[in-house]
Structure formats: C-alpha cells, structure tokens
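Visitor: Hi, I have a new structure open here. Please walk me through it.

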Amino acid sequence: MPNPRLTGLGSGLFCGALMFALGCLDQLLFGASLVVYGVLFLPVCALTAVWVRRGDLVTAPVVVPIAFAFGLLPVAGDNGGGIGGRLMGLVTALAVEAGWLYGGTLIAGLIATVRKARLMSRRAAQRRAAQAPARRRPA
C-alpha cells in the first residue's frame, strides 16, 4: 500500500479533487445517485485521514465535509433552474445526505484521533527512555 504524506492543503486538494471526480463519474454512470456518492465518500475520508502528515492531522476532519460539498456540484440536479436551481439542489442534497457527511467526518476524525494518540504515546515513551539512563547515573 502506498504511504504518501499529504500536507493539510494537499489533503484538502486530494479529497476535493477526488470527490469532484467521483461526483462526475456518479453523474455519468449512475444518473447522480446520492447513495452511490455517499458510499464512495466513506473510503475517501479514510484515505484522507490515513495519508495526512502527522503534523496536519487536525485538518483531516475539516477538509472532508468541504470536499463532500464540492463533490456534490455535479451530482446535485439543477432542474432547469440555472444557478438558483443548482444551488437549491446542492442545499437539498446536503440536507438529505447529512448522514453520509457526518459518517465520513466521524471516520476521518476517529482515524486522526487514534493516529494522534499513538503519536503522543510514542513520544512520551521516547522521553521516558531518554530520561531513564540519566536518572541511574550517580552524581
């Protein structure tokens, strides 16, 4: 499995571009099925949280909802109403598919939290190991 390390901005661009591409693919193949779009959103959230750098872990749960909304642009129907119809379709899709949005954000948040907790415990163990030989030496 590849092990890329994305910056906060890179993870936002990755997630947003991938969700937009998946939205276009969903529109083309499945006729803008919001369920298919939501199911495809979940692994993208997990990948974003796994591939973000350690220092930028906090950005993962922030960028995935933005990418969800951005990817909905090709999926949300315009119903022939121009920009107003497209905007109404986007708002409606965000309201109706909020479960997928919350689920994906929860996945990204949990993965980022677990990664951060493991990082903090590793650093604490390294500090304890570095201080242990210093305590044993007599002055």
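Guide: A quick term before we start: helices (H or I, at least four residues) and strands (E, at least two) are DSSP runs, numbered from the N terminus. With that in hand, Ser 11 has its place in helix H1. This is a predicted model, so local features need pLDDT of at least 70 and side-chain atom pairs count only at pLDDT 80 or more, while totals for chains, interfaces and linings use all residues. Residues are numbered from 1 along each chain as its sequence is written, and side-chain values use heavy atoms, with hydrogens and water left out.

Visitor: Thanks! Is Ser 11 buried or exposed?

Guide: Ser 11 counts as buried, at 0% relative accessibility. Buried means under 20% relative accessible area, exposed over 50%, and partly exposed in between (1.4 Å probe, protein chains only).

Visitor: And what does Ser 11 touch?

Guide: Leaving out residues up to four places away in sequence, Ser 11 touches Leu 6, Thr 48, Val 52, Thr 59 and Val 63. A contact here is heavy atoms within 4.5 Å.

Visitor: Where is Thr 59?

Guide: Thr 59 is in the loop between H2 and H3. Thr 59 is partly exposed, with a relative accessible area of 21%. Its contacts, leaving aside neighbours within four places in sequence, are Gly 8, Ser 11 and Val 52. Thr 59 and Gly 12 are 8.0 Å apart in space, C-alpha to C-alpha, though 47 residues separate them in sequence.

Visitor: Which backbone oxygen lies 2.6 Å from the side chain of Thr 59?

Guide: That of Asp 56, which lies 2.6 Å from a polar atom of the Thr 59 side chain.

Visitor: Let's zoom out. How many helices and strands does the protein have?

Guide: The protein has five helices and zero strands, and along the sequence the pattern reads α-α-α-α-α. The radius of gyration (taken over C-alpha atoms) is 20 Å, well over the 14 Å from the globule rule for 139 residues (2.2 Å times the number of residues to the power 0.38), so the protein is more spread out than a compact globule.

Visitor: What does the C-alpha trace span along its principal axes?

Guide: About 85 × 25 × 20 Å. Of the 139 residues, 31% are buried. Among contacts between residues at least 6 apart in sequence, 75% join residues at least 24 apart.

Visitor: Back to H1. Which of its residues are buried?

Guide: Gly 8, Ser 11, Cys 15, Gly 16, Met 19, Leu 22, Gly 23 and Asp 26 are buried in H1. The buried residues of H1 pack against H2 and H3. Just after H1, Gly 31 takes a positive phi of about 65°.

Visitor: What should the 23 residues of H1 span?

Guide: At 1.5 Å a residue, H1 should span 33 Å, and its end C-alpha atoms are 31 Å apart, which agrees. The expected span is 1.5 Å times one less than the number of residues. H3, with 16 residues, should span 22 Å and has its end C-alpha atoms 23 Å apart, which agrees as well.

Visitor: Now the core. Which residues touch the most other members of the largest nonpolar core?

Guide: Cys 15, Met 19, Tyr 37, Phe 41, Val 64, Phe 68 and Leu 72 do, out of 23 residues in that core. Helices H1 (8-30), H2 (34-51), H3 (60-75), H4 (82-96) and H5 (98-136) are the elements that give two or more residues to this core. H3 gives the most, with seven residues. By nonpolar core I mean a set of buried Ala, Val, Leu, Ile, Met, Phe, Trp, Tyr and Cys residues joined through side-chain atoms within 4.5 Å.

Visitor: What does Met 19 touch?

Guide: Not counting residues up to four places away in sequence, Met 19 touches Tyr 37, Phe 41, Val 44, Ala 67 and Gly 71.

Visitor: I like rings. How many aromatic pairs are there?

Guide: The count comes to four aromatic pairs. Rings of Phe, Tyr and Trp (its six-membered ring) pair if their centres lie within 6.5 Å; planes under 30 degrees apart count as stacked, over 60 as edge-to-face and the rest as tilted. The rings of Tyr 37 and Phe 68 have their centres 5.2 Å apart and their planes at 55°, so this pair is tilted. Tyr 37 in helix H2 and Phe 68 in helix H3 are 31 residues apart, linking distant parts of the chain.

Visitor: And how do Phe 41 and Phe 68 pair?

Guide: They are edge-to-face, 4.7 Å centre to centre with 65° between the planes. Both Phe 41 and Phe 68 are buried. Tyr 37, Phe 41 and Phe 68 form one aromatic cluster.

Technical notes. Polar contact = N/O pair within 3.5 Å; in protein donor to acceptor, adjacent residues only side chain to side chain.
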